[in-house]
Amino acid sequence: MTAATQKRIAPRQIYLLLACIAPIGKIVYLPSHLAHYAQNDLLFPAVAQLLVQSLAVFLTLLLAKRGMSFCQLLEGVFGKIAARIFVGIFGLFLLYASLLPLLEQQLFVQSEFYDTLPSLFAFGPFFVFCAYLCSKPLSSFGRTWDILAPLAAAAFVGVMLLSVGSADFGALAPAGAAGGRGFLRATASATSWFFDAALLIPLLGKFEYKKGMAWKGTLCYLGGGAAVLFFLATFYGIFGPLAETQLFGFSKTSKYFSGITVLGRIDYVFIYALALAMAFYVALPLQGAIECGMQIAGEKKYLRTFLSVAVNALLFALLVILEYRLKQALGVISDMLFWIFPIFFLLVPALSLLIRRRRREV
Amino acid sequence: MKTLSGDLKKDADALKKLLPAEDILTFEFSSEKGLPFIAVFADPITDKELLGEQVIRPLKHFEGKPTADMVGAQITSPEMKKEKSLQKLAAEVLSGNPVILWEGMDEGVVAGTKKVFTRAIAEPSTDVAVKGPREGFIEDVKTNTSLIRRRFKTGELRIEMLEVGRRSKTFVALCYLEGTAIKETVEDVKKKIGEIDIDIVPDSSYLTHFLASRPYSLVKQVGTTEKPDIFCAKLAEGRVGLIVDGSPIALTVPYLLVEDFQSSEDYFVPPYRATFTRLLRLFALVVAIYLPAFYIAGQLFKLQLFPVKLLLTIAGSIRDIPFSPSLEMLLVLLVLEVLNEASIRMPKYVGMALSVVGALVLGETAVSAGFVSTPAIIIIAFSGIGLYAVPNLIEQTSVVRLAMLLVAGSVGTYGIILLTAFMLLYLVTTENFGTPLLAPFSPIVGKDLRDSVLKYNLGSLDTRPKTLKSPNRRRLK
Amino acid sequence: MKFKRFVHTIPMKLYILLAAVILFAFFSNDFGLVDIQKTAIILAAAIDRTEEGFSLTAQIAVPKGSDRTTGGTSSVEIQSEGQTVSDCLTRIYTKTGWVPKLVFCNLILIGEEAAKEKVFDSLDYFLRNEYMPDSCLLAVSEGKAGEMLSSQSAIDDASSLAITKLFSDAAQKSGKVMPNSLKDFTMGMFGVSESGYLPFVRSTPQQGEQSAEGGGSGGGGGGSGGSSSGEEPQQIYSADSTALFSKDKMVALLPIEQTFALSLLKGKVFAGTFNAKEEGKPVTLSVIENGGGVKLDSKNGLKAKLSVDLLVRLCCRSTAVPSEENIGDTVPAKTLEDAKGVVEGYLTDLWDTCKQSGCDLFSLKQSLYRSSLKKYAKWKDNFLPSLSFETDVKVRTRK
């Protein structure tokens, strides 16, 4: 046996994903985005999204009780063909969902890894890495989370330790200044960043449900969410009215630490560690999409390789086309097409649970 | 399969035909009663003194019925066996054991009087310990197994002799503790060794290729040690060991990457010190791999990686250098590798001179001549030293360092991050004999972390590593 | 089957391609890369208003050769003019061939004229630039900022380094300087208070004989572009005045006493000194502990309370009378009373300056906004005129 192809994901690894990896995607572009719409009230839309997403995570983990993959789950009710169509649609959604993390990752790379705007070539290797990642079965990735989760958690703590002293938490007052409209707009546009439950769906059947896993998973997600909220508060405490101009929040907050003037940007150690974990996080929806493809076509190594390469090549081409319109593209996804997300991360697991129940009653 | 006919002359000729080499000699002699014998032996590897003392002299006085049992009883060599097959007899001759044939018998006697060429047991130069045992393996498999046996006075220690190599017929001692090692692993190793179809096995490193799950990988997948104490400790943890005749390096499987960050000395010093040194090794290795890469990426793509004063110093020192920062660093790295390679291969007395030439003359004059800058030499020197903090991984880490440097010089810091991610993914998905390479970190095995990069007190290490799935978990009662 | 075989070879082909691209990039080093050798590391920038728009003077670090063993920083000042600050930087690039990088810019000096009208016109570029560290220090210079930055410092290799030293932590503790960063200044100006402060830097020629060990030595202080070392007198810089800003422009200048009062209110002073009277003669008191703050009471109207709590020791008498009671550093009660009066006077003057200039220096409007949106809505249009104040000064000494 070479790779860990036959391995199943341990519940611990799911918890680590929810607690430590999932929050990373929320501290890059989202803080400034929330500040743009909700200003000092940026915590409220984030809390609302976290609560909804926690519910979705809970429902998805409940689905895992049945020990079946998403495709198998649907097959029992709708038959093979319909199930494959559903899974295909879900895979397309994941492909779409992967765009936003990809876009923000590319903007982040341009800003934080280079002193001058680099050529697109610089971001190209990410897709090679991503293609390699996607060519591995999803179930073998539990172990990466074992390594990345403590790394990300330690890096996050490091960033926060350097940041929190510069924050004026009073800047978060007064509550409600943005008004109901600001809250709603911020909540709606933040939806595109909260789809973690959807990432769990391709994992169904690849981990064994243990007693209380739904609760534990949800609590882990909420724990990670609490860290995100703390970061958002610190972020706004540091930047106040400038918050909306500070893209890539987590790489900005720690630079005001007094020791940095002497030692140089030591915070880059933490920022780069988070960037490492983020590279895996950004690829997660893509992996999920490929996994859906595999559930439709059946596990074939050559097909997985082909799909991985093709999908990543397509996405790279898309980013090349969008070169100078990355922020606009990000805006379209977050501000106009956000409604697509809840259909898949909330409705899909909820309906899957309901359908099953109805069938039993019959 | 051809067997002996009982016709002494014919049998001796047949054997000689199988072994036409000039150093295969025959010695004809008769007992006082007139029974003719022929001893066939390989001249360079047979101890002729022992042959005379333990075989020929007793047979001169042989009386009685010339059966194999009677002849065998007459020989005083402690190792003796009977054999009918001509091929097997020929193999014994080639191993250094003389074959005794006599008239009228279709069975020969093999006497264990081979000449053993061994060097003295000494401390291995690659694994020096200030505290703890100093013995090291040598090239003789029997001596090596005796070093193991001396440390395990239990019948649970199993040493099975296997033979590998169509031509070399190299002995490989498979060692494990019955009831502690996993049966499946033992069987798996036996199977893999059995499947090897190669002409010669000059060293144990040949076997690693066949034992690895990813044979073409850069990643090390089989544990190596030159010290019997480490070898025994690994057997005691539930691993399976292999000692190859002719090689002082023993192999152990399953291998965990963390093993190479541990040293035997860690177990003979206080745990705090051991933890500190292990962390230091890890730190040194990480710095050695990443420092040149980040230095380049900083100069080319992200100046902020340096504090401003350091940046100005660097900018000043590279101002007149004719190469780009990345090429300069590559050049210095290559010079270091060449010096390293040359100083290892050179005779010792030249080696010293070479170090002086390399370190002082080349380094100093290259800087003075403006070929390379001082910071580049400092960075590479530190990196070079850092790699040797974990000497067992040097073959892998030096390549990784070079790859990091190339990526840093072309893609920058992001390239370093991506290559790290790629490596991480590769390591995480690598396993051998059912054991993940990165355990106990991935997958996390809580209790095993006590003897990983951390080192707990001996009292806390009451069980064998869970990662190795030994059926006999408890170690300390 | 063919397709399968083809797909299986894709990863290897991709890796080979990637390796080839990486090697090509590594050895060619030519893909729009701006490395250290093509970069102008800007240490400080000075902005002045001109008829055309702006004049930018950039102090650029000049690396020393590898044979140099002495410390210090060489620099050169390059000036250019343009309609915007970005325009000026582009012209620097065309003039020198170096790509100007702001990642190490640690000081922005704004000329007095530029500060007096729409100060953010000058700062906009720096705020928008992703690579500009917004933690950099910001100050207003007396007269032309470009001239000040191009002047030769008497105490350091580069003028920017000498000016930056004025804003060190140790200097802040003296209470005679109130530094501010680009980020904090912008936050104050963009906040509901729309007010802020910046240190006001003056330069004076060094009196007397020029020191042989002065700036020109040990690192080639000053540079070619603009400053002619040797002829121009070396300068000493001071920043004990503080410029107040309100609604995008400089509105007042705090003298040293009021700067000290501001420092006391921020509670930052340690070992700073001020003078009081003892029996009509001046004595200097040193601050050992400093508590301070400004609170807004909005229960009955708007009232600000300026509190300063000082623990002082006697530092120096102008006329020392040798007696047993004068040996220690305890301050007599009467002197403490006088000191309290002095500090109250400073605070009152500070308050008056702020109120007259319309600068909400203590972000009281922001405090009101944070505490009650309702009250904020009520007072926001007439905030400062409606504001009364009281002082609460305690001056203690160690027994």
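In this predicted model, the contact between chain B and chain C draws 30 residues from chain B and 25 residues from chain C. Putting these two chains together buries about 2300 Å², and carbon and sulfur atoms account for 73% of that area. Helices α9 (271-300), α10 (308-318), α11 (325-345) and α14 (394-410) of chain B each give at least two residues to the side of chain B that touches chain C, and the largest share, eight residues, belongs to α10(B). Sorted by residue type, this side of chain B holds 21 nonpolar residues, eight polar residues and one charged residue. A search across the interface of chain B and chain C finds zero salt bridges, and it likewise finds zero residue pairs in polar contact when both residues must have a pLDDT of 80 or more.

Chain B also meets chain A, where 31 residues of chain B are in contact with 40 residues of chain A. The area buried between chain B and chain A is about 3100 Å², with 67% of it coming from carbon and sulfur atoms. Three residues, B:Tyr414, B:Leu425 and B:Glu431, supply 21% of the area that chain B buries against chain A, which is more than any other three residues supply. One of them, B:Glu431, forms a salt bridge with A:Arg143, and the closest N and O atoms of this pair are 2.9 Å apart. The count of salt bridges between chain B and chain A is one, while nine residue pairs, both members at pLDDT 80 or more, are in polar contact across this interface. Helix α15 (residues 413-428) of chain B provides the largest share of the side of chain B that touches chain A, namely 11 residues. That side of chain B divides into 20 nonpolar, eight polar and three charged residues.

| Interface | Residues in contact | Buried area | Share from carbon and sulfur |
|---|---|---|---|
| chain B and chain C | 30 from chain B, 25 from chain C | about 2300 Å² | 73% |
| chain B and chain A | 31 from chain B, 40 from chain A | about 3100 Å² | 67% |

Over all chains, a search of the whole structure finds 46 salt bridges. Side chains of opposite charge can pair when their charged atoms come close. Within chain A, A:Lys26 forms a salt bridge with A:Asp196, the closest N and O atoms lying 2.6 Å apart. Because A:Lys26 sits in the loop between α1 (11-21) and α2 (30-38) of chain A and A:Asp196 in helix α10 (residues 196-200) of chain A, the pair ties together parts that are 170 residues apart in sequence.

On the surface of chain B, the residues B:Phe323, B:Leu331, B:Val335, B:Val357, B:Leu360, B:Val361, B:Leu362 and B:Phe371 form a nonpolar patch, which together has about 680 Å² of accessible area. Helices α11 and α12 (348-368) of chain B are the elements that give two or more residues to this patch, and α12(B) makes the largest contribution with four residues. One member, B:Leu360, is found in helix α12 of chain B.

Some details of the backbone complete the picture. A cis peptide bond, with omega about -5°, joins A:Ala173 and A:Pro174, and A:Pro174 lies in the loop between α8 (142-163) and α9 (179-190) of chain A. In chain B, the peptide bond from B:Ala439 to B:Pro440 is also cis, with omega near 5°, and B:Pro440 belongs to the segment after β12 (435-436) of chain B. A:Gln39, although not a glycine, has a positive phi of about 45°, and A:Gln39 is located in the loop between α2 and α3 (43-63) of chain A.

Note on methods
Residues are numbered from 1 along each chain as its sequence is written. Chains are lettered from A and ligands numbered from 1 in the order in which they are written. This is a predicted model: local features need pLDDT of at least 70, side-chain atom pairs count only at pLDDT 80 or more; totals for chains, interfaces and linings use all residues. Side-chain values use heavy atoms; hydrogens and water are left out. Contact means heavy atoms within 4.5 Å. Buried area is the accessible area (1.4 Å probe) that two parts lose on being put together, summed over both. A salt bridge is a side-chain nitrogen of Lys or Arg within 4 Å of a carboxyl oxygen of Asp or Glu. A polar contact is a pair of N or O atoms within 3.5 Å; within protein, one must be able to donate a hydrogen and the other to accept it, and residues adjacent in sequence count only if both atoms are side-chain atoms. Ala, Val, Leu, Ile, Met, Phe, Trp, Tyr, Cys and Pro count as nonpolar, Asp, Glu, Lys and Arg as charged, and the others, Gly among them, as polar. Patches are made of residues with over 30% relative accessible area and no salt bridge: like charges are joined within 9 Å, nonpolar side chains (Val, Leu, Ile, Met, Phe, Trp, Tyr) within 5 Å. Accessible areas come from the Shrake-Rupley method with a 1.4 Å probe; for residues, only the protein chains shown count as cover.
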